[in-house]
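Look over the model below before reading on.

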Amino acid sequence: MLGLDAAVGFSQARRGAISYDSSDQTALYIRMLDVRVRSQVGFEPERRGSHPYLGVDFRTLHSRAESAGSIPARRIRRLFSFQRHLLSSRLLRGAPHLNPLHILDEDYCGQAKCMLEKVGSWNFDIFLFDRLTNGNSLVFLTFNLLNQYGLIELFQLDMVKLRRFLVLVQEDYHNQNPYHNAVHAADVTQAMHCYLREPKLAQSLTSFDILLGLLAAATHDLDHPGVNQPFLIKTNHYLAALYRNTSVLENHHWRSAVGLLRETELFSNLPAEDSLSIERQLGSLILATDISRQNEYLSRFRTHLDENDLCLGNASHRHFVLQMALKCADICNPCRPWELSKQWSEKVTEEFFHQGDIEKKHKLEISPLCDSEANTIASVQIGFMTYVVEPLFAEWARFSDTRLSQTMLGHLGLNKASWSAMEPEASGSSEEGESEPGRATEEPSSRVLSQGSQES
């Protein structure tokens with residue numbers, strides 16, 4: 001009963017019960033109550049902008065219409081989710097459960113634990129892992145990694161607060177989004193783990209650096225609405241106004257993550273100065289994933305490598321390398337084995353095209369790459385690989401010339417060839433950029449980069 005009582009209290013206190021000073025932007029998301037819940041309890045939806053489309057709840061963009069009785073069902077799912085996490089956490093620790101109801105099948109849980117033994121493999125199948133954990137891949141994987149690095153004990157993190165934080169993070173991703181959902185966050189976190197184990201990083205990074213890297217990966221797309229920055233700007237969305245049309249989504253992801261840290265008081269045992277430092281550096285990492293600033297970070301990285309002046313004994317240099325690692329992890333899908341990479345390509349393009357359909361419906365200018373009639377999955381992926389992925393990973397391989405780097409570049413080349421075979425007319429133009437991928441794209445295609453942070 002304790003778990004159920006905790007879940008009930010947790011559910012009742014979750015939305016709207018916490019108030020912050022209006023100047024505290026880090027907690028803005030807490031006041032962004034679900035429109036349907038607000039209506040049910042007598043609140044009028046806040047006016048978010050002047051465009052008529054903004055009356056639509058972003059959380060329903062990629063989902064089917066729900067019935068009038070969906071709110072109670074949603075609350076039940078939330079309670080069930082919390083109960084499931086309590087059970088699964090006991091199973092991860094090897095403790096037998098007392099409830100005879102097998103909410104999470106033990107055979108599947110055993111397979112998930114077996115997969116976690118190989119969490120450092122670049123072939124890690126996050127889709128399979130998500131199925132084995134009953135849709136809880138982000139919670140399982142992040143908790144496991146924090147424990148594996150000894151960070152829970154080192155930073156004396158309260159287990160209840162940590163699990164609550166991870167549950168909230170996972171639930172604040174919109175799983176209706178084909179691409180920007182909790183599975184993507186789990187995939188990026190697993191990729192970040194792979195990079196943290198690379199010799200140069202493993203020998204230099206502090207426990208604090210590793211904690212920041214994992215938290216940033218897990219929260220880097222938190223509360224992503226499934227549309228890109230240009231869409232928010234041209235529909236006069238209040239987030240675009242709040243962040244002055246600059247790194248709108250990334251700022252929101254960061255502030256949302258900070259809000260959850262404060263709500264759960266995960267770092268309440270640390271000195272206030274250390275907690276604020278975590279929040280600031282977390283923001284610096286998440287903001288680096290803004291793909292519209294790709295050239296800025298890539299040029300700086302290339303300059304460091306050309307001048308051979310990266311000193312990982314320097315805290316600021318280590319932080320910069322963490323930024324580059326997160327950028328790589330965020331867009332590493334084309335560098336995965338084809339079976340995984342293809343699924344991600346289809347999902348992100350589905351999200352692009354869905355945005356394009358919405359723009360057509362509301363007679364808005366269709367964003368680049370979002371027109372399903374003018375683009376194909378193959379053409380979108382070939383352009384993204386050529387102008388964004390290849391230059392970044394070529395420089396990363398210069399920094400960390402390891403077996404993993406060569407494996408990623410190998411998959412990237414094979415995947416690009418596979419997409420090119422499906423798009424014959426693109427083969428000629430893509431081959432021109434293959435001669436020297438790290439140098440031949442000083443000015444990436446505006447069509448790709450104009451997507452803001454759609455893929456990031």
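Helix α8 and helix α14 make a right-handed crossing. A crossing is right-handed if the near helix is turned clockwise from the far one by less than a right angle, and left-handed if anticlockwise. α8 covers residues 159-171 and α14 covers residues 248-264; they pack at about 150°, with axes 10 Å apart. Axes here are lines fitted to C-alpha atoms, for helices over the stretch in contact, and angles run from 0 to 180 degrees between N-to-C directions. Helices are DSSP runs (H or I, at least four residues) and strands are runs of E (at least two), numbered from the N terminus.

On the α8 side, the contact uses Lys161, Arg164, Phe165, Leu168 and Val169, and these meet Ala257, Leu260, Leu261, Glu263 and Thr264 of α14. By class, this contact of α8 with α14 has six nonpolar, one polar and three charged residues. Contact means heavy atoms within 4.5 Å. Ala, Val, Leu, Ile, Met, Phe, Trp, Tyr, Cys and Pro count as nonpolar, Asp, Glu, Lys and Arg as charged, and the others, Gly among them, as polar.

This is a predicted model: local features need pLDDT of at least 70, side-chain atom pairs count only at pLDDT 80 or more, and totals for chains, interfaces and linings use all residues. Residues are numbered from 1 along each chain as its sequence is written, and side-chain values use heavy atoms, with hydrogens and water left out.

α8 also packs on α6. The two axes come within 9 Å and cross at roughly 140°. α6 and α8 are therefore oblique to each other. The classes are roughly parallel for angles under 35 degrees, roughly antiparallel over 145, roughly perpendicular from 65 to 115, and oblique for the rest. The α6 and α8 crossing is right-handed. From α6 come Ser137, Leu138, Val139, Thr142, Phe143 and Leu146; their partners in α8 are Met159, Leu162, Arg163, Leu166, Val167, Val169 and Gln170. The contact of α6 with α8 holds nine nonpolar, three polar and one charged residues.

How are helix α19 and helix α20 packed? α19 (residues 377-399) and α20 (residues 403-422) pack at about 160°, their axes 10 Å apart. The pair is therefore roughly antiparallel. α19 passes α20 in a left-handed crossing. The residues in this contact divide into 14 nonpolar, six polar and two charged. Among them, Phe393 and Trp396 are in α19, while Leu412 and Trp419 are in α20.

Now the loops. Most residues other than glycine have a negative phi.

Buried means under 20% relative accessible area, exposed over 50%, and partly exposed in between (1.4 Å probe, protein chains only). Thr206 sits in the loop between α10 (199-202) and α11 (207-219). Thr206 is partly exposed, at 31% relative accessibility. Its C-alpha lies 9.9 Å from that of Gly313, although Thr206 and Gly313 are 107 residues apart in sequence.

Is Leu392 buried or exposed? Leu392 is buried, with a relative accessible area of 0%. Leu392 belongs to helix α19. Leaving out residues up to four places away in sequence, Leu392 touches Gln294, Leu298, Met324, Lys327, Cys328 and Ile331. Leu298 is 94 residues from Leu392 in sequence, but the C-alpha atoms are 6.6 Å apart.

Phe140 lies in helix α6. Phe140 counts as buried, at 2% relative accessibility. Phe140 and Leu116 are 24 residues apart in sequence and 8.9 Å apart in space, C-alpha to C-alpha.

Finally, the whole chain. The protein chain has 22 helices and zero strands. Of its 456 residues, 56% are buried. Among contacts between residues at least 6 apart in sequence, 76% join residues at least 24 apart. The accessible surface is about 19,600 Å², and 52% of that belongs to carbon and sulfur atoms. Accessible areas come from the Shrake-Rupley method with a 1.4 Å probe; for residues, only the protein chains shown count as cover.
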